[in-house]
Amino acid sequence: MALFLSEKQVSELLTMSDALQVLEEAFWHAADGEVLQHPRRRLIMPRGIYHVMSAADLRTETFGIKLYTSFPPRTRFLFLLYSSQNGDLLAIIEADKLGQVRTGAATGIATKLLANHSEPLRVGVFGAGWQAETQIEAVCTACTTQQVRVYSRSPERREAFCKKINALLSLDISPAESPEEVVRNSNVIITATNSISPVLQGKWLSPGTHINAIGSNMLIRQELDVEAIRQADLIVVDSIEQARLEAGDLLPAFERGYFRWEQAVELAQIVSGQHPGRTHPDQITLFKSLGIALEDVAVATHIYKKALHQGIGEERSFWAALSP
């Protein structure tokens, strides 16, 4: 029997504080060599894309696979969690909310460890969609934040987004009129768009800025221009292996000789202290987030254990669990 958990139940069980904690622990496990992981693979078809990513955390004795389909107008996510003690299927979890929260939590951890905290954090956000919500929540949960400014191409969308987030988080958040305004008035930048051309230009950056680039996880997408990559003193990724396959922000700089893969540092090395991270207040730091399967395993394991403790979810046989 496997425990089936719906999107609604995941939303009830998973808090950002919990996600930040379990992800940081998972990155420690990775630094200790106790994680096995395959980067995302995609099957691209005429009408849509099938995505697959898997990992095992030997410390928590769980492993799993995330499967999701992108067929317009929807993307649908499913996570299968297994026991590495006996191979039993433990849970089948609808994983859209799971993915949204874990992506935000990775940014929260990176910002906590890499931003210049000698002054209050002023956060600038590109994008006013689903992922941007938990990006802001995570940074505000992990760090003391003075203000948030948001830019998207639609004035109506960014106004509505700011009202929604202010109601949820009660923070100083307001729309920005231009991309440059976002960057000039912020010392932490988050790009959470699906743009195929840069939204952030390196010439706008000031010393000491920290950037979280989370929107591009395909080679055809690019949120940062080459100058932004060239200016970065420290480039951190969640997985170097996966970044080589799909980091659309880094490839143009690599091709022009402004970036070498040997420069990249994995977030697990920063979390564990194997790499010092920021070493000077004026450094420009970049976290290029791709979203890795380890993050899904960590959060899914937490959700599963919490659901068992609270008696939430429906036990089903494997095939019944996959049925509507």
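The model is predicted, with pLDDT of at least 70 needed for local features and 80 or more for side-chain atom pairs, while totals for chains, interfaces and linings use all residues. Residues are numbered from 1 along each chain as its sequence is written, and side-chain values use heavy atoms, with hydrogens and water left out.

The order E2-E3-E4-E5-E6-E1-E15 describes an open sheet of 7 strands with mixed pairing. E2 and strand E15 (314–316) each have a single partner strand and stand at the edges, so one side of each is without a neighbour in the sheet. From one strand to the next, the twist averages 20° (angles, from 0 to 180 degrees, are taken between N-to-C directions of axes fitted to C-alpha atoms).

Aromatic rings of Phe, Tyr and Trp (its six-membered ring) pair if their centres lie within 6.5 Å; planes under 30 degrees apart count as stacked, over 60 as edge-to-face and the rest as tilted. The count by this rule is 5 aromatic pairs. The ring centres of Phe63 and Tyr82 are 5.0 Å apart with planes at 10°, so this pair is stacked. Phe63 belongs to strand E4 and Tyr82 to strand E5, 19 residues apart.

Leu43 is located in strand E2 (residues 35–44).

Notes: Helices (H or I, at least four residues) and strands (E, at least two) are DSSP runs, numbered from the N terminus. Two strands pair if DSSP finds at least two bridges between them.
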